[in-house]
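Subject: Structure handover

Hi,

Here is the structure I promised to pass on. Please open it next to this message and follow along.

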2 protein chains.
Amino acid sequence: MPEANSWSDHVQNVLARAGLKRGGARERVVALLAGKPCALTAVEIEQELRRQGRLTGRASIYRVLELLVEHGLVERVELGDGQARFERVHPDGAHHHHLVCERCGRLIAFDDPGLERAIDRLGERLGVRVESHDVLLRGACKKCG
Amino acid sequence: MPEANSWSDHVQNVLARAGLKRGGARERVVALLAGKPCALTAVEIEQELRRQGRLTGRASIYRVLELLVEHGLVERVELGDGQARFERVHPDGAHHHHLVCERCGRLIAFDDPGLERAIDRLGERLGVRVESHDVLLRGACKKCG
DNA sequence: AACAGGAATGGGAATCAATCTCATCCTATG
DNA sequence: CATAGGATGAGATTGATTCCCATTCCTGTT
């Protein structure tokens, strides 16, 4: 069992520690996300679960995702195409950003200390407290470029 | 006549050069955007025009905005709240990014060469061609921080 | 200046993601 | 094992955006 499991476990721990009860919908969504490191839309999650014969209400899926995001277990990724995507966040994983390949549509994750540093300095220069930031690059990935 | 006018003129030139005809809806939207440097949603544009007694069809507003974005005359700004915002782009203006104040909701524009440099280097490091990028900071602005 | 062909417009229907409602089900606990 | 309250789900609803298409408006050409 690869790290996927450790993420599932981590989710269980965090939610249990928060005093929440368990439930089928949550377990199904978490199990699905655990096996897919890439970002999925809520609709994709619903369809994939249906395909697996694990019917899950739309409202529950959105509720679960919102909960996971609130607890920092899942990251919401917006690509500007009118639907949010969700991907698991590793407890020990550095936060990262994405490049959308405009040819193949692939989403490539990356992290870059230089970028983070630039943003920190920027916050100081502007005199604002930056609590979070999103960076989205668009271009051509290695294969398509 | 401040720069607002030069932007309107620039829009007219670009669209005329593209062989497009003129039309009322377009002129109304451009006139409105010319006077508002801040980012407006399509719905806000529709309401503002109605308030001015310059009724304009929803479809036309979206069509005009799409056209202006295609021609690089207007920038689409996504804050992740489920609606796109639009603001004019100056022909000579450096491109910029935004900070959303999570207290007052204000949108603050800024530019930062250090950030741009970091992104350029990042593209090289990753070996990808970065064609465009978006950066969105969330935090507290000077007044609220 | 009338014409023609193609753009532009706008009202309303249609989409589509996301949210809300609320009755019912299930979990963890005493 | 009874129970209080969290969790679930089907369907209705919202809200932005897009689609459809008949009508109106521009503009280069007679």
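Predicted model: local features only at pLDDT ≥ 70, side-chain atom pairs only at ≥ 80, totals over all residues.

**Overall layout**

Start with chain A. Its secondary structure comes to five helices and six strands. Along the sequence they follow the pattern α-α-β-α-α-β-β-β-β-α-β. The C-alpha atoms of chain A fill a box of roughly 50 × 40 × 30 Å along the principal axes.

Chain A splits into two domains. Domain 1 covers 3-88, and domain 2 covers 97-139. Their centres, taken over C-alpha atoms, are separated by 24 Å. The two domains of chain A do touch: six residues of domain 1 are in contact with five residues of domain 2.

**The three-stranded sheet**

Chain A has an open sheet of three strands. The order is β1-β3-β2, and the pairing is antiparallel. Which strands sit at the edges? They are β1 (40-41) and β2 (74-78) of chain A, each of which pairs on one side only. Helix α2 (residues 24-35) of chain A packs on this sheet. This helix touches β1, β2 and β3 of chain A, and its direction makes about 80° with that of β3(A).

Now the pairing itself. As background, strands of a sheet pair through backbone hydrogen bonds, either parallel or antiparallel. Here β2(A) and β3(A) (residues 84-88) run antiparallel over five bridges. One pair to look up is A:V74, whose bridge partner in β3(A) is A:R88.

Chain B shows five bridges between β2 (residues 74-78) and β3 (residues 84-88), again in antiparallel strands. There, B:E75 stands opposite B:E87 in β3(B). β2(B) and β3(B) form a hairpin, with five residues between them. Look at B:G80 in that turn: its phi is positive, about 80°.

From α2(A), the contact uses A:R28, A:V29, A:L32 and A:L33. From α3(A), it uses A:I45, A:E48 and A:L49. By class, that contact has five nonpolar, no polar and two charged residues.

What about chain B? Helices α2(B) (residues 24-35) and α3(B) (residues 42-51) pack at about 100°, with axes 11 Å apart. They are therefore roughly perpendicular to each other. Here B:R28, B:V29, B:L32 and B:L33 meet B:I45, B:E48 and B:L49. The class count for α2(B) with α3(B) is five nonpolar, no polar and two charged residues.

**How the two copies relate**

Chain A superposes on chain B by a rotation of 179°, with 0.0 Å of shift along the axis. The RMSD is 0.2 Å. The two copies are thus related as by a two-fold rotation axis. Which residue of chain A has the C-alpha nearest the axis? It is A:V135, at 2.2 Å. The same surface serves both copies: 100% of the contact residues of chain A recur in chain B.

Best wishes

How values were computed
Residues numbered from 1 in each chain as written. Chains lettered and ligands numbered in written order. Heavy atoms only, no water. Pairing = 2+ DSSP bridges. Helix = DSSP H or I, 4+ residues; strand = E, 2+ residues; numbered from the N terminus. Contact = heavy atoms within 4.5 Å. Axes fitted to C-alpha atoms, helices over the stretch in contact; angles between N-to-C directions. Least-squares fit on C-alpha atoms with pLDDT ≥ 70 in both. Parallel < 35°, antiparallel > 145°, perpendicular 65-115°, else oblique. Nonpolar A, V, L, I, M, F, W, Y, C, P; charged D, E, K, R; others polar. Domains from an automatic or database assignment.
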